[in-house]
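Dear colleague,

Here is the structure I said I would pass on. My notes on it follow below.

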Amino acid sequence: MEMKSENACFGGVQGVYTHASKATGTDMTFGLFLPAEAKDGPVPVLWYLSGLTCTHENAMTKAGAQGWAAEQGIALVFPDTSPRGDGVANDDAFDMGQGAGFYLNATQDPWAKHFQMWDYIAEDLPALIGAEFAVDMDRQAITGHSMGGHGALTLAMGLPGRFRSVSAFSPICNPTDSDWGRKQLTGYLGEDQGSWAAHDASLLMAERGFDGPVLTDTGTNDQFLDLLKPETLAHAAAARRQQSILRMQPGYDHSYFFVSTFMEDHVSFHAEALYAG
């Protein structure tokens, strides 16, 4: 692991680090905010998964999360959204390839060689962070925006017992029935739609739900609302009586102005779960 930068931030440290990933077979970069409490021992950790076209840097600099995390004594992890570099497959479209890993393990060429983002987020990066930093891996929560909201929800439901809480901003809720999903799931996983269900939050909610609290926020003026399909997640959660708060926020769009507006709510929501018991 190589430290790229470390800056004092709200009494703690905002760092950026690069490491060789076994999962992706590439160098990967991530951001990590450690609050002041980490100087005295391990702190809970909140994962933030970013959306299409983003790197580790977008949420790290735009979401305004560090101040609220510092108040709660919580670490923040900002992973990249895909493998990158020479020899890594890409696509001319913004919603496929580099910057658009969709937090799954690709099985189809040319993506399978490097696009193993599920394993990267579920195994590779947690192992590194748990070994190298003062974080309590028994107290984890996860959130994300757009494609990252999709990833947060599917990882939370796909890894029972890993996360104490899950939230999302403008998540892609039903990719198996959306133009933000069918193209990518076909490209990464192939034509067999049976393999798609593990990466659809609405289907996972209907099948198994989440053993903990769920919070989502989506703006009523989101320019991608028909692609996100928040109603499908709401229907699935209601049908299984899942503990959840699924909000539509009047007038808000898909931007980081929206994300930063409700970040305090999300960090406080996770803090309650992370410090319970």
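Predicted model: local features only at pLDDT ≥ 70, side-chain atom pairs only at ≥ 80, totals over all residues.

Residues are numbered from 1 along each chain as its sequence is written, and side-chain values use heavy atoms, with hydrogens and water left out.

Thr216 has a relative accessible area of 6% and is therefore buried (buried means under 20% relative accessible area, exposed over 50%, partly exposed in between, with a 1.4 Å probe and protein chains only). Not counting residues up to four places away in sequence, Thr216 touches Ala168, Pro171, Leu233, Ile245, Leu246 and Arg247; contact means heavy atoms within 4.5 Å.

Nonpolar cores

A nonpolar core here is a set of buried Ala, Val, Leu, Ile, Met, Phe, Trp, Tyr and Cys residues joined through side-chain atoms within 4.5 Å. The largest one has 60 residues, and the members that touch the most others are Phe30, Ile142, Leu155 and Tyr188. Helix 3 (residues 117-132) contributes the most to this core, with eight residues. Apart from this core lies another, of 24 residues, including Met60, Phe258, Val267 and Leu274. Ile142 has contacts, beyond its neighbours within four places in sequence, that include Leu46, Trp47, Leu49, Leu155, Phe163 and His270.

Aromatic pairs

The whole structure holds 12 aromatic pairs. Rings of Phe, Tyr and Trp (its six-membered ring) pair if their centres lie within 6.5 Å; planes under 30 degrees apart count as stacked, over 60 as edge-to-face and the rest as tilted. Phe115 and Tyr188 form a stacked pair, at 5.7 Å centre to centre and with 25° between the planes. This pair links distant parts of the chain, 73 residues apart: Phe115 is in the loop between strand 5 (75-79) and helix 3, and Tyr188 is in helix 5 (residues 182-189). Both Phe115 and Tyr188 are buried. One aromatic cluster is formed by Phe169, Tyr252, Phe258 and Phe262.

Helix packing

Helix 3 packs against helix 4 (residues 147-158) at an angle of about 60°, and the axes are 12 Å apart. Axes are lines fitted to C-alpha atoms, for helices over the stretch in contact, and angles run from 0 to 180 degrees between N-to-C directions. The two helices, helix 3 and helix 4, are therefore oblique to each other (angles under 35 degrees count as roughly parallel, over 145 as roughly antiparallel, 65 to 115 as roughly perpendicular and the rest as oblique). Trp118, Ile121 and Ala122 of helix 3 make the contact with Thr154, Leu155 and Gly158 of helix 4.

In helix 2 (residues 65-72), the residues Ala65, Gln66, Gly67, Ala69 and Ala70 are buried. Among the elements covering the buried residues of helix 2 are strand 1 (2-9), strand 2 (12-20), strand 3 (27-34), helix 1 (57-62), strand 5 and helix 9 (256-274). Gly73 follows helix 2 and has a positive phi, near 70°.

Backbone points to check on screen

- Asp109 and Pro110 are joined by a cis peptide bond, with omega about 0°. Pro110 is in the loop between strand 5 and helix 3.
- Ser146 is not a glycine, yet has a positive phi of about 60°. Ser146 sits in the loop between strand 6 (135-144) and helix 4 and, at 3% relative accessibility, counts as buried.
- Arg241 also is not a glycine and has a positive phi, of about 55°. Arg241 lies in the loop between helix 8 and strand 9 (244-249) and is exposed, with a relative accessible area of 77%.

Two further residues

Ala239 is in helix 8 (residues 230-239) and counts as exposed, at 67% relative accessibility. The C-alpha atoms of Ala239 and Pro250 are separated by 25 Å, with the two residues 11 apart along the chain.

Pro44 is in strand 4 (residues 43-49) and is buried, with a relative accessible area of 1%. Pro44 and Tyr275 are 231 residues apart along the chain, and their C-alpha atoms are separated by 8.1 Å. Leaving aside neighbours within four places in sequence, Pro44 is in contact with Gly73, Ile74, Ala75, Asp136, Arg139, Leu274 and Tyr275.

Regards

Technical notes
Helix = DSSP H or I, 4+ residues; strand = E, 2+ residues; numbered from the N terminus.
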